[in-house]
Amino acid sequence: MDTKSRDLDISLIMEDLAAEVLQGSVRAMARLITLVENEDQRAFEFLGSIYPHTGRAHVLGITGSPGTGKSTLTDKITSVLRQQEKTVGVVAVDPSSPFTGGALLGDRIRMQRASGDPDVFIRSMATRGNLGGLARTTADVIKIMDGFGKDWVIVETVGVGQDEVEIAKTADTTIVVLAPGLGDSIQSMKAGVMEIADLYVINKADRSGADALVTEVRIRVEQDAQIKEAAWRAPVLKTVAVEDQGTEPLLEAIENHRSFLEQSGRLKKVRREKTRQETLSLLKEEISRNVLEKILGKGRFDDLIEDIVAHRKDPYTSVKEIVGTIFPEEE
Amino acid sequence: MTGKKRIKVIMAKPGLDGHDRGAKLLARVFAEAGMEVVYTGLRQTPEMIVEAALQEDADVVGLSSLSGVHNYFFPRVVELLKEKGLDEVLVVGGGIIPDEDIPGLKDSGVAAIFGPGTRTEDIVEFIEEKVSRN
């Protein structure tokens with residue numbers, strides 16, 4: 001009786017959370033993001049109420065190797081957007097330790113200007129074991145900020161190597177940040193991160209090797225155009241983020257890309273594909289959660305493992321049999 | 001399939017002193033203990049620290065001061081947290097804090113002061129115990 005009335009209380013408090021976010025409560029947004037990060041099942045209901053209010057923010061992804069200046073660049077871009085009286089949400093992702101699960105989230109240090117502005121909401125996220133450059137729940141956190149009414153959501157990935165390209169599926173515009181001194185022209189020809197840029201930024205452009213890097217990347221972009229015709233050709237821009245050099249031209253280039261997306265109809269296409277992928281992965285998670293609960297709940301799974309360990313059964317046939325009992329063949 | 005709740009800590013240095021070795025060490029100690037630590041860096045105003053705690057939905061704010069400004073800054077952080085409705089956030093402090101200042105800081109709502117020489121395990125244990133009770 002007691003526990004039941006307590007559960008009811010909690011759900012009542014929780015019910016307010018989505019409504020409060022839509023009414024502009026920063027505290028509610030922060031708490032809801034925590035629920036989402038913890039993959040608390042109650043969060044889905046709130047995300048459902050927020051969803052109709054999403055789709056308005058432009059989502060800007062910033063990716064690149066560690067130390068190229070992603071956080072500083074995020075701070076400067078935010079600052080220009082604020083001068084234009086746009087509201088901004090920032091999601092800054094840093095890695096979790098695979099050993100302890102803990103994380104040192106240090107992106108806020110470089111965002112001193114933005115973090116002093118109450119109209120800029122910055123949330124640091126740990127990857128919690130996800131390997132694609134973002135946390136598993138980053139896309140949902142973006143939706144919360146979007147539903148809250150932020151005009152722009154900037155997502156800064158973890159420092160990436162070559163293979164972490166989830167941001168391209170998450171952002172409307174993706175910036176790949178490079179800095180001189182990290183490799184020869186073969187690096188810029190490789191697959192992965194170099195393929196996802198809508199814009200390239202050569203940061204720390206006051207250092208030696210910057211112009212050579214600009215040339216290399218431009219050659220890559222030209223090669224791309226020769227190999228495959230594309231409606232958008234990624235510009236290559238130079239910045240010195242700590243000195244705030246090149247930020248305004250960068251923002252103009254971002255705006256150009258945004259107009260291109262809108263006018264060419266590409267934005268709709270990209271967002272439809274994104275919706276399909278997101279819904280599919282939600283469906284997969286929900287199915288496996290439900291089905292696994294049924295299978296693992298009965299305790300027969302442990303018996304089965306013993307049979308397989310003892311080679312009385314094989315795992316391949318056993319899995320087919322289990323799925324067959326849950327989804328019997330239709331007549 | 002639900003993820004585990006992790007303790008989230010804001011580690012901040014209010015005021016103008018530049019001695020951040022202790023704060024940085026503790027940020028690492030907390031991360032090693034499995035917490036998610038937002039390190040905000042030097043020269044933070046109480047307003048910036050509290051804004052970070054609000055946005056990050058922090059469980060703990062750790063303050064480090066070696067320049068003698070603790071009697072103003074630490075209580076001010078507690079006060080601003082309360083103003084924002086963040087009463088349940090645990091505030092702990094460290095650095096160079098004279099013994100005679102500790103009772104006053106505790107009265108103002110700082111949960112504990114950890115001076116030089118404190119075993120880091122004790123700080124971790126204190127935080128884990130206080131936060132799980134909330």
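## Helix packing in chain B

In this predicted model, a set of residues in helix H2 of chain B, namely Pro46(B), Glu47(B), Ile49(B), Val50(B) and Ala53(B), meets Phe73(B), Arg76(B), Val77(B), Leu80(B) and Leu81(B) in helix H3 of chain B. The residues of this contact divide into 8 nonpolar and 2 charged, with no polar ones.

Two packed helices are described by the angle between their axes and the distance between the axes. H2(B) covers residues 46–56 and H3(B) covers residues 70–83; their axes are 9 Å apart and the packing angle is about 45°. H2(B) and H3(B) are therefore oblique to each other. The crossing in which H2(B) passes H3(B) is right-handed.

## Contact between the chains

Chain A contributes 31 residues to the contact with chain B, and chain B contributes 27. On the chain B side, at least two residues each come from helix H1 (21–32), strand S2 (36–44) and H2. The residues of the side of chain B that touches chain A comprise 12 nonpolar, 7 polar and 8 charged.

Strand pairing also links the two chains: strand S3 of chain A, residues 103–105, pairs with S2(B) in the parallel sense over 3 bridges. Within S2(B), Val38(B) is the residue that stands opposite Leu105(A).

## The sheet of chain A

Strands of a sheet pair through backbone hydrogen bonds, either parallel or antiparallel. In chain A, 7 strands form an open sheet with parallel pairing, in the order S4-S2-S5-S1-S6-S7-S8. The edges are strand S4 (120–126) and strand S8 (236–238) of chain A; each has a single partner strand, so one side of each is left without a neighbour in the sheet. On average, neighbouring strands of this sheet are turned by 20° against each other, direction ignored.

One of the pairings in the sheet joins strand S1 (residues 58–64) and strand S5 (residues 152–156) of chain A, in the parallel sense over 5 bridges. His58(A) has Trp152(A) in S5(A) as its bridge partner.

## A helix across the sheet

Terms used
Residues numbered from 1 in each chain as written. Chains lettered and ligands numbered in written order. Predicted model: local features only at pLDDT ≥ 70, side-chain atom pairs only at ≥ 80, totals over all residues. Axes fitted to C-alpha atoms, helices over the stretch in contact; angles between N-to-C directions. Helix = DSSP H or I, 4+ residues; strand = E, 2+ residues; numbered from the N terminus. Parallel < 35°, antiparallel > 145°, perpendicular 65-115°, else oblique. Left-handed = near helix turned anticlockwise from the far one by under 90°. Contact = placed C-beta atoms within 7 Å. Nonpolar A, V, L, I, M, F, W, Y, C, P; charged D, E, K, R; others polar. Pairing = 2+ DSSP bridges.
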